[in-house]
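Keep the viewer open as you read.

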Amino acid sequence: MHELAITQSVLDIAVGQAQRHGARRITAVNLVVGELTGYVPDSIQFYFDLLSRGTPAEAAALNVRRVPTQVRCRQCRAEFRPEEGVLWVCPACGGLGGDLLSGNELLVESIEVE
Amino acid sequence: MTVQIPVVEQVLSANDQIALQNRSVFDRYGIAVVNFMASPGAGKTSLVLRSIEGLRGRRRIGVIEGDLASRIDADRVAAAGAPAVQINTGGGCHLDAPQVADALAGLPLAELDLLLIENVGNLVCPTNFLLGEHRRVLVASVPEGDDKPLKYPGSFVTMDAVVLNKIDLLPFVDFDVAAFERGVRAVNQRAPIFLLSCRTGEGLEPWLEWLAAA
């Protein structure tokens with residue numbers, strides 16, 4: 001359920017762009033998904049296959065680039081990827097917490113059309 | 001021939017546009033809007049009810065209640081004397097900006113100072129959908145455990161305030177308040193943390209002051 005609304009938006013953006021460029025068919029949708037957003041690529045794919053039927057994006061490849069969560073430690077300034085994506089403990093100094101550098105992305109980067 | 005078209009569009013841009021429109025409606029009427037997020041059972045509705053009661057005479061409060069189904073919460077709020085609109089998402093796990101835009105038609109906006117939006121009980125996706133709110137509050141509760149900030153950083157990182165509800169249960173469960181506060185601070189340096197109990201009323205005053213100033 002969680003991914004349904006997201007996938008509909010992805011499809012709307014892709015189809016809208018394709019129409020604007022007079023493209024007949026979308027062959028690929030390139031998506032960027034940050035780890036921290038909690039969106040699961042397999043689930044997006046599942047809904048994409050369902051929702052794209054009968055649209056110019058039917059049978060398009062859905063390429064998802066995952067962006068790992070990246071945090072900068074407030075104590076020692078080391079940059080790290082939290083363990084399992086969630087536990088914000090600096091592996092360099094053991095400090096708890098930091099500032100988010102990446103991982104919140106959710107965007108359609110490009111589409112490929114014919 | 002295949003052609004690549006650069007897009008670089010936020011997936012939720014359509015939602016975000018409508019959230020901006022909602023925000024301009026709120027600003028036009030001078031209404032402060034607070035989005036309440038929590039897991040099911042943390043006490044969002046109880047906190048909304050306590051807030052209506054605690055700010056009676058000081059702030060004119062309206063409420064938007066988000067739930068999968070039923071009018072239970074909106075009826076409770078209306079019984080407490082605040083105009084309320086129920087949004088049933090029909091299984092959807094979060095509120096989105098268009099739903100809130102539709103709900104505004106059911107509220108006497110000119111007569112409100114403060115609008116509380118109770119999101120669907122879920123600590124994951126409501127975070128990603130802007131509704132046009134000015135402030136975001138996460139309601140956690142003692143029985144859920146003190147590790148929630150570490151497990152849901154994506155949610156805690158965006159909050160303007162964090163409430164820990166059900167502190168009357170602290171003597172009965174293994175909940176380390178300091179560990180919880182450290183967990184919140186790990187991902188969020190700025191949000192004030194309010195420890196309170198909607199059941200006993202303990203700790204409500206600082207929360208009400210914050211909300212009144214929101």
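Strands here count as paired if DSSP finds at least two bridges between them. The elements themselves are DSSP runs numbered from the N terminus, with helices being H or I runs of at least four residues and strands being E runs of at least two.

Before going further, a word on the model: it is predicted, with local features needing pLDDT of at least 70 and side-chain atom pairs counting only at pLDDT 80 or more, while totals for chains, interfaces and linings use all residues. Residues are numbered from 1 along each chain as its sequence is written, and chains are lettered from A and ligands numbered from 1 in the order in which they are written.

Now widen the view around that strand pair. The two strands belong to an open sheet of four strands with mixed pairing, in the order β2(A)-β1(A)-β6(A)-β1(B). At its edges stand β2 (61-67) of chain A and β1 (3-10) of chain B, each with a single partner strand, so one side of each has no neighbour in the sheet. From one strand to the next, the twist averages 15°. Helix α1(A) lies across β1 and β6 of chain A together with β1 of chain B, at about 40° to β6(A); this angle is taken between N-to-C directions on a scale from 0 to 180 degrees, with axes as lines fitted to C-alpha atoms, for helices over the stretch in contact.

As the strand order shows, the sheet takes in a strand from chain B. Six bridges join β6(A) to β1(B), and these two strands run antiparallel. Here A:Glu112 stands opposite B:Gln4. Taking the chains as a whole, 29 residues of chain A are in contact with 29 residues of chain B, where contact means that C-beta atoms, placed from the backbone, lie within 7 Å. On the side of chain A that touches chain B, β6(A) gives the most, with eight residues.

What lies around A:Val29? Leaving aside neighbours within four places in sequence, A:Val29 is in contact with A:Val10, A:Ala14, A:Ala57, A:Ala60, A:Leu62, A:Val108 and A:Ile111. A:Val29 is also among the residues with the most contacts inside the largest nonpolar core, which has 93 residues; others include A:Ala14 and B:Phe36. Helix α1 (residues 4-20) of chain A gives the most to this core, with seven residues. Such a core is a set of buried Ala, Val, Leu, Ile, Met, Phe, Trp, Tyr and Cys residues joined through C-beta atoms within 7 Å, and a residue is buried if 20 or more other C-beta atoms lie within 10 Å of its own.

There is another sheet to visit in chain A. This open sheet has three strands in the order β4-β3-β5, with antiparallel pairing. Strands β4 (79-80) and β5 (98-102) stand at the edges, each with a single partner, so one side of each is left without a neighbour in the sheet. Four bridges link β3 (residues 70-73) to β5(A), and A:Cys73 has A:Gly98 as its bridge partner.

Finally, step back to chain A as a whole, with its two helices and six strands.

Key: A residue is buried if 20 or more other C-beta atoms lie within 10 Å of its own, exposed if 12 or fewer, and partly exposed in between; C-beta atoms are placed from the backbone. Two residues are in contact if their C-beta atoms, placed from the backbone, lie within 7 Å.
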